[in-house]
Amino acid sequence: MKMLLILKAPMFTNYENLQMSDKPLQALVTGANRGLGLQFVKQLSALGWRVFACCRNPQHADKLSDLAQASNGKISVHTLAVEDGAQIQQLAKQLQGQAIDLLINNAGMYSGGVSERFGHTSTPDWLHVFQVNTIAPLKMAEAFAEHVAQSQQKTIATVTSKMGSIADNTSGGVYIYRSTKAALNMVMKSLALDVEASGIKVALLHPGWVKTDMGGPNALITPQQSVAGMLEVILNLGWQDSGRFLAYDGTEIEW
Ligand SMILES: NC(=O)c1ccc[n+]([C@@H]2O[C@H](COP(=O)([O-])OP(=O)(O)OC[C@H]3O[C@@H](n4cnc5c(N)ncnc54)[C@H](OP(=O)(O)O)[C@@H]3O)[C@@H](O)[C@H]2O)c1
């Protein structure tokens, strides 16, 4: 495993050198109401970024709404179910003319249920998770490529999973989640090559095993640690790292 970066102080590292003009940097985050998405919103706004925070049900997103209310207009909340292509288009139109420095494809799902197991896989479940985990991040990139291309940082970051690594699969099972994340990795590799000419870099990140609703209480790291690490990787991403499969601590993961 190759080491890309050595992270020393991941919590709220000073990224002020990123500020190339007086305009605040702007990010769009999907699945922003809980877990890693909510933590991205917290840490980016603490760093002074303007954040477009997207979630399926803003009326039930109390923590995000409280953050937005206390943010002095730095955080706005937008309705977005990522498998809904019409909603993606509508949001892209609503934000037309806004430079988006960092598009974060964070929303994802893992049923964790019986349909992940050999002998019980459910085709409808599989197709739905494929839409959310694999197709939607590309649809977001397609819809927001122009917004990203007109920004300073020009970065698209997608949260994938080591569960999508074929090389790392020693335990089998988890057919739906694993295959949708493996396919997502391929999609993001192609995207990195396709948008290079527009000056856009693509960060593809495994967040670690994180204590969220998805990761569960026995996970190894907190959302604070994971997101601080991912931001450090994203905001220091070089061209040689675009489209590579990296963990939150900067280590490279085998496909
Ligand atoms: N936690 C881990 O250990 C771990 C490990 C590897 C990878 N990941 C990846 O990290 C990302 C974030 O996971 P997490 O741990 O924060 O999970 P989480 O706590 O379960 O949160 C998932 C987020 O995704 C949103 N979401 C799910 N389906 C959506 C849809 N169709 N449209 C819009 N939003 C949707 C959820 O919104 P609702 O509240 O509306 O459901 C929620 O905000 C995912 O891509 C996941 O695969 C997590």
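Here are legends for a few close-up views of this predicted model.

Local features are described where pLDDT is at least 70, side-chain atom pairs count only at pLDDT 80 or more, and totals for chains, interfaces and linings use all residues. Residue numbers start from 1 along each chain as its sequence is written.

View 1. Seven strands line up here as β3-β2-β1-β4-β5-β6-β7, with parallel pairing. At the edges sit β3 (75-79) and β7 (245-247), each pairing on one side only. From one strand to the next, the twist averages 25°. Strands (E, at least two residues) and helices (H or I, at least four) are DSSP runs numbered from the N terminus, and two strands pair if DSSP finds at least two bridges between them. Angles run from 0 to 180 degrees between N-to-C directions, using axes fitted to C-alpha atoms, for helices over the stretch in contact.

**View 2. Strands β2 and β3 with helix α2.** β2 (residues 50-55) pairs with β3 in the parallel sense over 5 bridges. Look for C55, which stands opposite T79 in β3. Helix α2 (residues 62-69) packs on the sheet and touches β2 and β3, its direction making about 140° with that of β3. Contact means that the C-beta atoms of two residues, placed from the backbone, lie within 7 Å.

**View 3. Around S151.** You'll find S151 in the loop between α4 and β5. Why does S151 count as buried? Because it has 20 C-beta neighbours inside 10 Å; the cut-offs are 20 or more other C-beta atoms within 10 Å for buried, 12 or fewer for exposed, and in between for partly exposed. S151 touches Q26, A99, I100 and D101, leaving out residues up to four places away in sequence.
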